[in-house]
6 protein chains.
Amino acid sequence: MTQASQAPVSRYPVPSLDAMPEDIRVRILKVQEKSGFIPNVFLMLAYRPDEFRAFMAYHDALMDKESGVTKAEREMIVVATSAANQCQYSVIAHGAILRIRAKNPLIADQIASNYHKADIAPRQRVMLDFAMKVPQQAQEVDEADRAALREHGFSEDNIWDIAAIASFFGMSKRLANFTNLRANEEFYTLGRN
Amino acid sequence: MTQASQAPVSRYPVPSLDAMPEDIRVRILKVQEKSGFIPNVFLMLAYRPDEFRAFMAYHDALMDKESGVTKAEREMIVVATSAANQCQYSVIAHGAILRIRAKNPLIADQIASNYHKADIAPRQRVMLDFAMKVPQQAQEVDEADRAALREHGFSEDNIWDIAAIASFFGMSKRLANFTNLRANEEFYTLGRN
Amino acid sequence: MTQASQAPVSRYPVPSLDAMPEDIRVRILKVQEKSGFIPNVFLMLAYRPDEFRAFMAYHDALMDKESGVTKAEREMIVVATSAANQCQYSVIAHGAILRIRAKNPLIADQIASNYHKADIAPRQRVMLDFAMKVPQQAQEVDEADRAALREHGFSEDNIWDIAAIASFFGMSKRLANFTNLRANEEFYTLGRN
Amino acid sequence: MTQASQAPVSRYPVPSLDAMPEDIRVRILKVQEKSGFIPNVFLMLAYRPDEFRAFMAYHDALMDKESGVTKAEREMIVVATSAANQCQYSVIAHGAILRIRAKNPLIADQIASNYHKADIAPRQRVMLDFAMKVPQQAQEVDEADRAALREHGFSEDNIWDIAAIASFFGMSKRLANFTNLRANEEFYTLGRN
Amino acid sequence: MTQASQAPVSRYPVPSLDAMPEDIRVRILKVQEKSGFIPNVFLMLAYRPDEFRAFMAYHDALMDKESGVTKAEREMIVVATSAANQCQYSVIAHGAILRIRAKNPLIADQIASNYHKADIAPRQRVMLDFAMKVPQQAQEVDEADRAALREHGFSEDNIWDIAAIASFFGMSKRLANFTNLRANEEFYTLGRN
Amino acid sequence: MTQASQAPVSRYPVPSLDAMPEDIRVRILKVQEKSGFIPNVFLMLAYRPDEFRAFMAYHDALMDKESGVTKAEREMIVVATSAANQCQYSVIAHGAILRIRAKNPLIADQIASNYHKADIAPRQRVMLDFAMKVPQQAQEVDEADRAALREHGFSEDNIWDIAAIASFFGMSKRLANFTNLRANEEFYTLGRN
């Protein structure tokens, strides 16, 4: 087997921290300080500074704001849709974040393998049904889907949040896949106890 | 039939120009001045200023830069992948832009209906084969796909461009679909003669 | 790019008008007189006179008769099912006929890109749902499908019409695809204003 | 279980022989004389005389002519594509005809259940691979498919025959399915010894 | 065409009866005595005695026991799911057994070609809908599926029986396919009159 | 959220150890002694003693024997095919066994999320390509698949082993899914360091 520690971050070159634009280096150092390591998605995208900035701005607009969709629920959306797209990076990295946000060491593996059988609330199941439909059959999303969400207390704005997160991570999964982005080893065990 | 002129921009409210943040209003007025009308995607996204800004920054980073993938070719990618996802807004709006960029009144309808039979160069066919694979089977993109692209003169950076455009518009199509974004009537005829 | 004007009608030889059997030549001249040009499907099929005759007889039996399914609605069926099968010829040629029959310059592009979001009546949506099911899952068509159609005023004979049109154009699309049948340039702009 | 002998021919009314137009009655009596029974497809289509005539003309143009594709091979195409579409009538009725034409009591059940494992020649396997691609992915039929056929001795005209038969029976299967056309009991055992 | 009588049982060697372990030889001789021939699945599996024993034990546990699901109904499950998986051996061999168990010479061909249009009771249709869902979408089996079965008189234990049979024959079909297991000629005609 | 510790083993009753047949109790106590807990699949199947015995006999025949396919490789097959079928129990339980057998804490999550991007040898990738084809398209397995395996040193007997394991666990996944079999919490963390 390939030795994991020697495996590259992605198929594309990774600039050294010194060579990065100031704003990008600052953001990367901040996440390193907070997490103890630099998630590889930051290093992969640093090769394209304009795309790095747009990606992070979009990410923050969706994932850091206040919303009736909790932060744990938003990570459920990321994990469920990533598993359906076989995005190794997101399943592993956001699986870790989900375990932490939900304070539940089992939830990420359950959702990644089959969200229909995960220990989640009925409202979360309806949310994931909708989140899965957006990338797979967005052209058929209709009033019935939205009515099901409203019955479980999701507002029209929450519906936008769910759909936009599913859409944004649909994009990020494709980036991860075509660049062969590798998940940091730290993610595998984070939040497991 | 619904009267087209009364049809709403999207399912979500559209703020008045006066009520928009300054930077967003300026951008919208600029596109209106250039095109003669405001493409509905701007009005739809203005409801969410942070997402508007991130979306446009991402769009510009991919679509306005210099690249070995021409601007007409980039629009081919948008039209082909939008048709596969049944995204009405993008097929119609980017179909118009493609006709203009390629100075070819037939090309958009050909690619939207079946790019395998469109009047395009072999290099462009290989480019579209890859662009279609990214949203549909990104998990299986491999060295053989990249080799085919390199044989037709695409660099590793061009490959990123193609894949990133296919990924970004994969996201935008989902936004258009869940918001019921309506294509402006102007797009239907632009570039047809 | 290939120059469109030099592109062949199809992969198969096209007999000269002089060399065609009398009845076929007459029919072709009549359509030319009416339309101002000869739709390529006539030239392609003229290579096989017996199939030409059977095809046109079938076409006329379904498309020219009186029926509770209007002629514009019949063209909607052709465009929607052709788009699903990526039949370039039918999307473009019957898109033109639909624009003319419906006196609506937007309708064909809307239906081709996503009929769920087209400006059509509820009854037409149900009709297209059924028309799409016939080629894709005819083996599962059942009483519930027919009940939905009857609720919107379609008789059992109308149901036959819808299903037979979807079936016949399912055949014609395959003919167009394996022969590389090319749509005449005239179709692209017909009925757009 | 429903008693087979009381089961209707199809969902639609069947006119009495007396009430049929002369040419249709003549054709039906001829097939009855030859086969000993009236295949139900004739009775079902007699409800729509114009479609009956066009259908039979098309059928004869493809199935009765001389061709480098033998009559047994043409029936193989019908059985293989009908099985893929779950068309009960065609699998059973044309299965019988195939057994007779090929003088082989096993071949129809083998092809209906999995033509990859049927006792057929390599040339026939390539023919069926192509015939299956026409209804399923006609939009992707390309030069490589045709080259494979030519290598096994099929001419361009034979290729048209194969594709046209697959296309025509694609249509007839849908007719059979939406009308609930029932296969005559005689077909089940014909040609089995 | 390959001469059927010379065709091998499977891709793998078949031990002679003498070379088989005693218990396996006894079982095989017993089935030969009862049926008049040795079904090829016994000869194929004899190459792997431990798997032979486990397979037959599993088979008997599901197919020979008393159950509210009749023996004919169990064979319907085998035939319907085998047809969906294009398992030639099971469609042909279990088709024969179904004809015998149901005392109905038409039923196997009807179910193999399209169970939605077979002469079966409503309860059997619901049973087959469920049996088809287990191999195709077992991850989505839910309470609604079970409720539909209970409405038709199936107990929770019957539901296990149906699902377990669909699951077990899902396995056996794969074994038959990768070994190229050939159906004995005797099966083609058994139970046809 | 449901409290995991109160969640039932499966939808079906679990007999008490005392109420189980002697041979089954002995087997269960042995696995408990070895692992420190009773994997739920044993408790689920104990409800059906005959099926328990056949299942375990089959399992042992495939998983415990000597073979050129290593025990870690066999678990790779189970995890990859289980992930494709969204079998939560097998992904989680066999993921744990794979980590232990391969002495690699990362490998199970990598293979479950996307085996194309896992840290495995080329030979193992070819093995998994084949193992995935067996449940999904066994009817199309052909000589080219086997040639690719032989090139990587797999014998015809190894090929049987790979296909049989993929087939057997295809069955077990369906059992797990329709019974709502729940993975023991112990599996989530086993072998992670």
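Biologist: How many salt bridges does the rule find across the interface of chain B and chain A?

Modeller: Bear in mind that this is a predicted model. One such pair is Arg11(B) with Glu156(A), whose closest N and O atoms are 2.9 Å apart, inside the 4 Å cut-off for a salt bridge. Across the interface of chain B and chain A, the count comes to eight salt bridges.

Biologist: And which helix gives the most to the side of chain B that touches chain A?

Modeller: Several helices of chain B take part, with α2 (40-45), α3 (49-63), α7 (122-137), α8 (143-151) and α9 (156-178) each supplying at least two residues. With 14 residues, the one that gives the most is α9(B).

Biologist: What about residue types: how many residues on that side of chain B are nonpolar?

Modeller: The side of chain B that touches chain A has seven polar residues and 12 charged ones. The rest of that division is nonpolar, and the number there is 21.

Biologist: About how much area do chain B and chain A bury between them?

Modeller: The contact draws 40 residues from chain B and 40 residues from chain A. On chain B's part, Tyr58(B), Trp160(B) and Arg174(B) supply 23% of the area buried against chain A, more than any other three residues. Carbon and sulfur atoms hold 58% of the total for both chains, which is about 3700 Å².

Biologist: Now for chains that stay apart: how far is it between the nearest C-alpha atoms of chain A and chain D?

Modeller: Chain A and chain D do not touch. No contact joins chain C and chain F either, with their closest C-alpha atoms 20 Å apart. For chain A and chain D, the nearest C-alpha atoms are apart by 20 Å.

Biologist: Which residue with a positive phi follows α4(B)?

Modeller: The helix itself runs over residues 71-84 of chain B. After α4(B) comes a residue whose phi is near 50 degrees, and that is Gln86(B).

Technical notes:
Residues numbered from 1 in each chain as written. Chains lettered and ligands numbered in written order. Predicted model: local features only at pLDDT ≥ 70, side-chain atom pairs only at ≥ 80, totals over all residues. Heavy atoms only, no water. Contact = heavy atoms within 4.5 Å. Buried area = accessible area lost by both parts, 1.4 Å probe. Salt bridge = Lys/Arg side-chain N within 4 Å of Asp/Glu carboxyl O. Helix = DSSP H or I, 4+ residues; strand = E, 2+ residues; numbered from the N terminus. Nonpolar A, V, L, I, M, F, W, Y, C, P; charged D, E, K, R; others polar. Expected span 1.5 Å × (residues − 1).
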